[in-house]
Amino acid sequence: FVSRHHQVYDMMSHRNGNWTNVDSNSAHRGKDIVVFAVRDVKAGEQMYLSYNECSDCENYAYTYGLPDLVKDYGFVEQYPQRWIFPGPGKPMVFDLDVKDGLDGKPELYVTWRRNSKPKKKRKEEKIEFLEVHLDRLDMIKDKVYEEAMKLRDHERSVNLEFYETMKTALKYGIADSRGEPIKQVVCMEPTCEVQ
C-alpha cells in the first residue's frame with residue numbers, strides 16, 4: 001500500500017528474523033511510503049517491519065540493537081533480539097533467538113553476526129568484557145529494582161524486562177563464546193531467564 005501518512009507506517013510492529021514480512025521504500029526522503037511484502041503473508045497475519053534491517057536502514061543491522069530500540073521506541077524487542085556489545089576490538093554482534101528444543105520446550109540460541117564471535121587472538125579479553133558487564137548488572141540488581149518501583153507501571157515493566165533480558169543475553173554470549181551449554185532456560189515471551 002501507499003501512504004502519505006506516517007501514522008499508518010508507524011503502526012506496524014517491529015520484529016526481525018522469519019517474522020519480518022514487509023519492508024518499505026525510504027521514509028526519510030519526503031516521498032510517499034510504499035510498503036511491500038518480502039514473503040508470502042497469510043490472511044490475518046500481523047505485519048512486521050524491521051526497524052534495523054530495513055532496505056533503507058544502511059548499516060543499522062550491525063549498529064542498532066535492542067538497547068537502541070528501548071531508548072528510541074520504549075519496548076524490549078521480541079525474539080530474535082539483536083545485541084551489540086562494543087568490547088575490545090571490533091563489536092560483538094549476535095542475535096538471541098528461541099526455538100523448540102528436542103523435548104518440545106523453548107530454548108534460546110545465539111547466532112553471531114559479521115564474524116564477530118570472540119576468536120583466539122582476543123577471545124579471553126572479549127569474554128572478560130562481557131563477564132565484567134554481567135557482574136556489574138548482578139551487583140546493581142537491588143538498586144535497579146528499588147528505583148524501578150518509583151516508575152509508572154509501563155516504564156517499570158520495560159526497565160526491568162530490559163535489565164533481565166540483558167543479563168540473559170550476556171550469559172548466552174559468554175557461554176556460546178566458551179562453547180558451554182546453558183543448563184536450563186525458563187521462557188516467558190519475550191524474555192527468558194537462565195536458571
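User: Does arginine 82 count as buried or exposed?
Analyst: Arginine 82 counts as buried because its relative accessibility is 2%. Buried means under 20% relative accessible area, exposed over 50%, and partly exposed in between, with a 1.4 Å probe and protein chains only. Keep in mind that this is a predicted model: local features need pLDDT of at least 70, side-chain atom pairs count only at pLDDT 80 or more, and totals for chains, interfaces and linings use all residues. Residues are numbered from 1 along each chain as its sequence is written, and side-chain values use heavy atoms, with hydrogens and water left out.

User: Where does arginine 82 lie?
Analyst: In strand β6. Strands are DSSP runs of E with at least two residues, helices are runs of H or I with at least four, and both are numbered from the N terminus.

User: What does arginine 82 touch?
Analyst: Leaving out residues up to four places away in sequence, its contacts include Asn52, Glu53, Tyr62, Glu77, Asp95 and Arg113. Contact means heavy atoms within 4.5 Å. Val93 is also among the residues that arginine 82 touches.

User: Which residue is the bridge partner of valine 93 in β8?
Analyst: Arginine 113. Strands β7 (residues 92-100) and β8 pair in the antiparallel sense over 8 bridges. Two strands pair if DSSP finds at least two bridges between them.

User: What is the strand order in that open sheet?
Analyst: β6-β7-β8, with antiparallel pairing. The edge strands are β6 (81-85) and β8 (106-113), and each pairs on one side only. Neighbouring strands are turned by 25 degrees against each other on average, direction ignored.

User: Which helix lies across β6, β7 and β8?
Analyst: α5, which runs at about 70 degrees to β8. Axes are lines fitted to C-alpha atoms, for helices over the stretch in contact, and angles run from 0 to 180 degrees between N-to-C directions.

User: New topic. How do the axes of α2 and α5 cross?
Analyst: Helix α2 (residues 66-73) and helix α5 (residues 153-178) have axes that come within 11 Å and cross at roughly 175 degrees. That makes α2 roughly antiparallel to α5, a label for angles over 145 degrees.

User: Which residues meet there?
Analyst: Leu66, Pro67 and Val70 in α2 meet Val158, Phe162, Thr165 and Met166 in α5.

User: And the whole chain: how many helices and strands?
Analyst: The protein chain has 5 helices and 10 strands. Buried residues make up 41% of its 195 residues.

Note on methods. Parallel < 35°, antiparallel > 145°, perpendicular 65-115°, else oblique.
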